[in-house]
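Colleague: I'd like to learn how to read a pocket and its ligand in a model. Could you walk me through one?

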Amino acid sequence: MTIRPLVILPDSRLRLVSKPVERITDEIRTLADDMLETMYHAPGVGLAAIQIGIDLRVVTMDVSKSEAEGERQPMVLINPEIVSSSEELSVYEEGCLSIPEYYEEVERPTRVRFRYMNLEGATVEQDADGLLATCVQHEIDHLNGVLFIDYLSKLKRDRVMTKFKKAAKREEKTA
Ligand code: K1U
Ligand code: ZN
C-alpha cells in the first residue's frame, strides 16, 4: 500500500467529473488500498480518487473514528450514487483534505440512502445519517467536481480561493 500525494486547491483536476469504473480489476483494488492508506495517514474520514489525481468514481470512507488499526471500519464505494435524500437539512462543520486547515459549516440533507458497488462486485444500498450522511454527500460531490466551498457565500469562496492561489504561487517559487 502506498501513501499518494494529495491534490490541493486550486488544482483544476478537482473540477473534473470522474468516470465510472467499468470492471473491478487488480488496478482498482490497488487504487482502493492506496486511497485507504492515504486517507488514514492524512488523517481523514473520506477520500475520492480525484483527490489523488485519478478521475475514476471510487471513494473510501471510515467514519468510525477508531484510533486503533484493529477497530477500523473501512468502506470502499465504487460508482456511488444518492438514491434519496431527506427534506430535513442539517448543518455540519466540514473540512476537505484538498483544502487543508479550512473548516466551514455546510447545510445538506440530514439523511440519505446511497447505492454503490463493493470490491466484490455486489450492489449495496445503505441508509445514512450523521457524519456518514455528510461524508458520502461530500465524497460524491468530489466525483462530480463539486467542492464544499461551492456551498458558501461568494465572499467566503473568493477569500479561500485567493489564499490557496497565493500559497500555490509561493510553492512554485520555492520549488
Ligand atoms: O473528502 C475529503 O476531503 C475528506 C474529508 C471528509 C469530510 C469530513 C467532514 C465532513 C465532511 C467530509 C475529511 O476527512 S476532512 C478531515 C476530517 O474531517 C477528520 C480528520 C481526522 C479525524 C476526524 C475527521
Ligand atoms: Zn473533500
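Modeller: We'll take the pocket, then the ligand, then the backbone. This is a predicted model, where local features need pLDDT of at least 70, side-chain atom pairs count only at pLDDT 80 or more, and totals for chains, interfaces and linings use all residues. Residues are numbered from 1 along each chain as its sequence is written, chains are lettered from A and ligands numbered from 1 in the order written, and side-chain values use heavy atoms, with hydrogens and water left out.

Colleague: How much space lies in the largest pocket?

Modeller: Rolling a probe the size of a water molecule over the atoms shows where empty space is left. A pocket is an open set of points on a 1 Å grid over the protein atoms alone, where a 1.4 Å probe fits, with protein on both sides within 12 Å along at least five of seven lines. Here the largest one holds about 460 Å³, the volume being the space filled by probe spheres set on the points, which are joined across faces, edges and corners.

Colleague: Which residues line the largest pocket nearest its centre?

Modeller: Lining residues have an atom within 4 Å of a point. There are 24 of them, with Gly44, Val45, Gly95, Cys96 and Tyr103 nearest the centre. Helix α2 (130-143) gives the most, with 5 residues; elements are DSSP runs, helices being H or I of at least four residues and strands E of at least two, numbered from the N terminus.

Colleague: What takes up the space of the largest pocket?

Modeller: Ligand 1 does; to sit there, more than half of a molecule's atoms must lie within 2 Å of the grid points. Its shell has 13 residues, the closest being Val45, Gly46, Gln51, Leu97 and Glu139, counting any with a heavy atom within 4 Å. From α2 come 4 residues, the largest share of that shell.

Colleague: Which polar contacts does ligand 1 make, and at what distances?

Modeller: Look for pairs of N or O atoms within 3.5 Å. An oxygen of ligand 1 is 2.6 Å from a side-chain N or O atom of Glu139, and a backbone N or O atom of Val45 lies 2.7 Å from a ligand oxygen. For His142, a polar side-chain atom is 3.5 Å from an oxygen of ligand 1. Taken alone, ligand 1 exposes 530 Å², and the protein buries 82% of that (Shrake-Rupley, 1.4 Å probe).

Colleague: Where are the cis peptide bonds?

Modeller: Most peptide bonds are trans, and most residues other than glycine have a negative phi. A cis bond joins Leu9 and Pro10, with omega about 10 degrees, and another joins Ala42 and Pro43, at about -5 degrees. Pro43 lies in the loop between α1 and β1. Asn79, though not a glycine, has a positive phi of about 50 degrees, and sits in strand β3.

Notes:
Polar contact = N/O pair within 3.5 Å; in protein donor to acceptor, adjacent residues only side chain to side chain.
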